[in-house]
Each structure stands twice: as structure tokens, then as C-alpha cells.
Amino acid sequence: MKGSDRLRRLASYAMVAAVAIAAVSCNEAHPNTTLVPHSDLGREIDFLWDRLLLLGTIVFILVEAALLYVVFRYRRRENQEKPPQTHGSTKLEIAWTLIPAVILVFIAVPTVRTIFITQAQAAPGSLNIDVTGHQWWWEFRYPEYGVTTANEIYIPVGRTVNFRLRSADVIHSFWTPQLGGKRDVVTNRTNYLWYTPDSSIASSVWNGFCVEYCGSSHANMRFRVFTVTQAQFDSWIAGQKMPARYGAVAGPPAPAAGQIAPPMEAPGMTTPAGTNAASQAAQAAAPRIAKQSSGTQTAGGTQPALPRPQNPEANPGAQPGVRGAPPSTANVAGAQAALAAGYIFPRENIPDFAIPHSPIPADLKFTAGLTGVAARGKQVFSGAACIGCHSIAGNPAAMGVAGPNLTHVGSRSTIAAGRFPNRAAYLALWIKNARKMKPDVLMPTLGMDEYDPVLKAKVTSANGGLTDQQIADIVAYLTALK
């Protein structure tokens, strides 16, 4: 191949690569970028990155220019005599020792400056949040308020937040890309991370991740950060401090009973045999959990397309995610009182990038059309294995600490550490066989006749198996805990 042909081919490859890079760079949909910081800590790190990138680019250009000059200036020519051989040069050795030293000074000064800023103690009056990493979920405690939650954080804008990071098992790493730098979460010490969210990002949602490999479900260990105003934060804290009450909950009133979405409109649903007109009429009379639109089939299973819930501000009497319950004077008054007790970030305002779209296992099914009753669900929950791992303030039977605190689980936007939306159909499947939906989780398989992939055995009534009806009752109870 001639030299000119080779150059033309290389030029065409370079053009294709340049177009691809430009196309990716012009795409504005980068919700997890670190290059658009929204906190003081993020800007300090971004400043260091920009400075080092600039210095590195200058060095690269100078070195490559010198290299090209030497290559072309001193290339071998025809009838050229052998050049003189140089064995050691004190001047050159001093030069190529001093030049890197000077370059390192320009790198070290901003780096050390940023380290001292980011490693300093948080300012007095900061909001303290104790973060504990578990396999594979996050526990968040607000010690000054006595509030414990899981996989979701509410923080006020304009106020410094001080995270105290610990691990309950293996090494994790805590990271919210657009808010602050990542920090390791280890078992034998407490690490600290603080930042002040910008006041301009109130009413926003941010994705958080574990970014240190911690086992088979490492990629499924996520969390959400809600940045809200101070008034909204105070309202949220007031609601979280209240014990769980499925009859009068924080937020719009929740249903005392709910019907799991039918099979053609929800993931993994099967129609029960022998459904008669009387049972259909009884189901129609009960409040129904919002139907979920049919989804697309993927390699991993069905991916449901979820509708946006009703706006409680536009219709205070409406039950979020519930159809067939017209507003009434009592409902409106109850909703307004509940809203004053505890703010919940509106689900319809959560952007798509913060809504999980994980497919469910194709072989995991749930009987459609079952009506769950919250009061009955509380009884089943309180007598099942659930209480050994989970705690619910207001339910004296639920005192477990191995799993997430479920006191206000109905107010959260996701389940399974951000892997699935917090909707009745997903929650039912999660309770039935969590280990199919998230590999190797500690939560055991509870569905009757389900195969537990960890125990390698089927679940029976003898070892605490639950029927689909019992699971539907538990779902009604848990979704009402707001």
C-alpha cells in the first residue's frame, strides 16, 4: 500500500471517530455526569479536573511537537554520514529532571489545596446523616431528628450536609455524581463527606450509586437524593418522625384495600381460575391500585411501562395510584391535614432517569385480581418472617434491624435499593421471590411453592410460605405506610 493511500485511509478513520465523539458530546442527556456540579464540593473537584486537564494538554502538545520535530528534522537521508554519537550529557540530564519537577509543582499546588478543602471538617450547624452500607442497600439515619430511612435521602438546599459513612459488611463506595465526590465506605473506620447543595436545585432528584465492587448485586445497590427547600425538608422530617399509620398517613390518604393490577396490564400476573361474577363485583367495589400499561418484552423478561400517578395537589381527594375513588369533603380535609404532617416528593415530578426500568424475571408470576386489605396485611406481616428483619415504628411486632426500616416505605419511590419502582405489582413480586429479582439478597423467598435459588429448595407452608392472597394483603399494608 502506498503512503498516500495509507494516509487517506487513516484520515477517513479519524473523521469517523471525530464525528462519533462530536455526536456523543452534543447529547445533553447526561444525568449522571460529574462535569456539571451542583455543590461547593463538586465545583472544587471540577476546578481541579479542569486545571489538570489544561496542564496535561499543554504538556502533551509540547512533547508531541518536539517528538515530531526530531523525527522529521533528523530522519535518515540518502548518502548521509553516520552522525556523531553522544554518551551522556550533564546539561540534558539536568534539563529533563528539572522540567518534570516544575510541572509537578503546578500539579501539586492545586491538588493539595483541593485535598485540604475537601478533607476539612464540615461547618458547624451542618445536617448530619449517618450512612451505613449493606449488601446491597443503603441505610440513612438523621440522628438529630431520630429518623431512619433506606435508599432515599431528603436534603435541604443551601445547607451543608455531613455524611458519616460506615459499612456493615464489605467495602462500598458512596457517590452522587452531580453533587459530590465519591468516598469509600469501610467497616473499620468512619469516613466523612460533606457538601452544600446549590439553592438553584430545589425540587430535584439525583441518582446515587455504590461504586466499589461489593458482590453479585453491586450494580443493583443504588439510592436517590431529593434536594428540597428547607420548609419541605422540615415537613418531610415531621412526617418521618410520626409512627406508621395506615389509617391516617403522611401524604394523601392511602387505600385500606387495593387490587393488584390485572395480568394484561402488569408484569408477571396470571388470572386466577374460577373467578365468578360475584368476586368480580366485589373486586370492582374495592379501591384499585392503578393499572400499569403493557410493557415490552426484553431478554430478561417483561419491562412494564408505568403511568404517572395522580397529582394530589390538583385533586387532594384522589388517592395516589388509585382509581375509582371520587373526591369527597372528608377526603379533601384528610388529605390537607396529612400533607401538613409530612412532605413527599411528587412522583409525577421524578424525571425518567431516576425511575428504574429493570426487567422482571419472565418466570415469576403473580395471581392478578386479588384484593389486598391493609388491616389483614398488618396481621400477616406481624406474624410472618418479615418482623425478624424489618422495623416499623408503630408496629410493636416489627423490631428487626437486618433489613431496611419500613416505617414509611409507602412514601418511597423505589424498592430493592432503587432496582424497581415502588408499585404494587413490583412489590408483590418482590415479596414473593426477591432472590429472583435481585441476585443473592438476604431477603428470603416467601411465595408458596417458589424455588429459592440460594436454599435450592421450594418454599412450603412449613417454612413460612405465603399465598398470593397473603402477599396481596401485605402489599396493601406496606403501600399505605406513608
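1. Basis of the values. The model is predicted, so local features need pLDDT of at least 70 and side-chain atom pairs count only at pLDDT 80 or more, whereas totals for chains, interfaces and linings use all residues. Residues are numbered from 1 along each chain as its sequence is written, and side-chain values use heavy atoms, with hydrogens and water left out.

2. Helices (H or I, at least four residues) and strands (E, at least two) are DSSP runs numbered from the N terminus.

3. Backbone exceptions. Most residues other than glycine have a negative phi, and most peptide bonds are trans. Gln-135 and Trp-136 are joined by a cis peptide bond with an omega of about -5°, and Trp-136 lies in the loop between strand E1 (127–134) and strand E2 (137–142). Ser-203, although not a glycine, has a positive phi of about 60°; this residue sits in the loop between E8 and strand E9 (204–210) and counts as partly exposed at 40% relative accessibility. Asp-449, likewise not a glycine, has a positive phi of about 70°; its place is the loop between helix H9 (434–437) and strand E21 (451–452), and at 54% relative accessibility Asp-449 counts as exposed.

4. Two buried loop residues. Ser-217, in the loop between E9 and E10, is buried, with a relative accessible area of 0%. Leaving aside neighbours within four places in sequence, Ser-217 is in contact (heavy atoms within 4.5 Å) with Trp-136, Lys-438 and Pro-439. Gly-342 is in the loop between helix H6 (329–341) and strand E17 (366–367) and counts as buried at 2% relative accessibility. The C-alpha atoms of Gly-342 and Gln-232 are separated by 8.3 Å, although the two residues are 110 residues apart along the chain.

5. Nonpolar cores. A nonpolar core is a set of buried Ala, Val, Leu, Ile, Met, Phe, Trp, Tyr and Cys residues joined through side-chain atoms within 4.5 Å. The largest has 38 residues, of which Ile-129, Trp-138, Tyr-142, Ile-153, Tyr-154, Phe-163 and Phe-174 touch the most other members. Elements giving two or more residues to this core include E1, E2, E4 and strand E5 (161–167), while E10 gives the most, with 4 residues. Apart from this core lies another, of 35 residues, among them Cys-386, Ile-392, Leu-406 and Tyr-426.

6. Cavities. On a 1 Å grid over the protein atoms alone, a cavity is a set of points where a 1.4 Å probe fits but cannot get out, and a pocket is an open set with protein on both sides within 12 Å along at least five of seven lines; lining residues have an atom within 4 Å of a point. Grid points are joined across faces, edges and corners, and a volume is the space filled by probe spheres set on the points.

7. Second largest pocket. This pocket has a volume of about 540 Å³ and is lined by 31 residues, of which His-390, Pro-404, Leu-406, Trp-430 and Met-443 lie nearest its centre. Helix H8 (424–432) is one of the elements that give two or more residues to the lining, and H8 gives the most, with 3 residues.

Key. Buried < 20%, exposed > 50% of the residue type's maximum accessible area, 1.4 Å probe, protein only.
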